[in-house]
Amino acid sequence: MNIFKKTLATVVMMSALISTSALANSAGDAKVRAAGETTLAKTEEAVNLLEKNGDKAEILKLLGEVRQSQKEFRYEQTERLRQKAGDKLRLAHEALTKDDNADATSNLKAALDFYKEMFVVYKKAH
């Protein structure tokens with residue numbers, strides 16, 4: 001009888017640990033997915049504003065928001081893509097501060113392509 005109680009206690013503990021880690025993992029996945037969606041939306045909005053010769057301050061603000069959201073959009077299999085996108089985002093920011101809208105648009109579109117590819121990879125895995 002004593003062995004039965006120990007076995008039952010072990011099974012209960014294991015199931016509690018498994019369900020807790022599954023819940024924590026799904027909450028983390030939701031956070032990453034939301035960050036990915038935000039990153040894509042803000043980047044697309046910045047590209048649209050750039051193409052329409054929108055307000056430079058607004059575009060710079062959007063680039064800052066993209067930089068923040070992409071920090072949360074982390075997934076191990078897309079880390080190199082995230083780094084490449086971050087480099088393009090930095091180049092777009094530099095070009096924009098130098099009033100080179102063509103170069104800024106080009107780099108921002110490249111970053112957007114990287115973010116889209118990241119999101120596709122992430123969605124396939126989740």
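How far apart should the ends of the 25 residues of helix α4 be at 1.5 Å a residue? In this predicted model, local features need pLDDT of at least 70 and side-chain atom pairs count only at pLDDT 80 or more, while totals for chains, interfaces and linings use all residues. Residues are numbered from 1 along each chain as its sequence is written, and side-chain values use heavy atoms, with hydrogens and water left out.

Helix α4 covers residues 101-125 and should span 36 Å, where the expected span is 1.5 Å times one less than the number of residues. Its end C-alpha atoms are 36 Å apart, in agreement with that value. Helices here are DSSP runs (H or I, at least four residues), numbered from the N terminus. The buried residues of α4 include Leu108, Leu112, Tyr115, Phe119 and Tyr122; buried means under 20% relative accessible area (1.4 Å probe, protein chains only).

Turning to the aromatic rings, a search of the whole structure finds 2 pairs, with rings of Phe, Tyr and Trp (its six-membered ring) pairing if their centres lie within 6.5 Å. The ring centres of Phe73 and Phe119 are 6.0 Å apart and the planes stand at 55°, so this pair is tilted (planes under 30 degrees apart count as stacked, over 60 as edge-to-face and the rest as tilted). Because Phe73 sits in the loop between α2 (56-72) and α3 (79-97) and Phe119 in helix α4, the pair ties together parts 46 residues apart in sequence. Phe73 is buried, with a relative accessible area of 1%, and Phe119 is buried at 9%.

The rings of Phe73 and Tyr122 have centres 6.4 Å apart and planes at 75°, so they are edge-to-face. Together, Phe73, Phe119 and Tyr122 form one aromatic cluster.

Technical notes
Helix = DSSP H or I, 4+ residues; strand = E, 2+ residues; numbered from the N terminus. Buried < 20%, exposed > 50% of the residue type's maximum accessible area, 1.4 Å probe, protein only.
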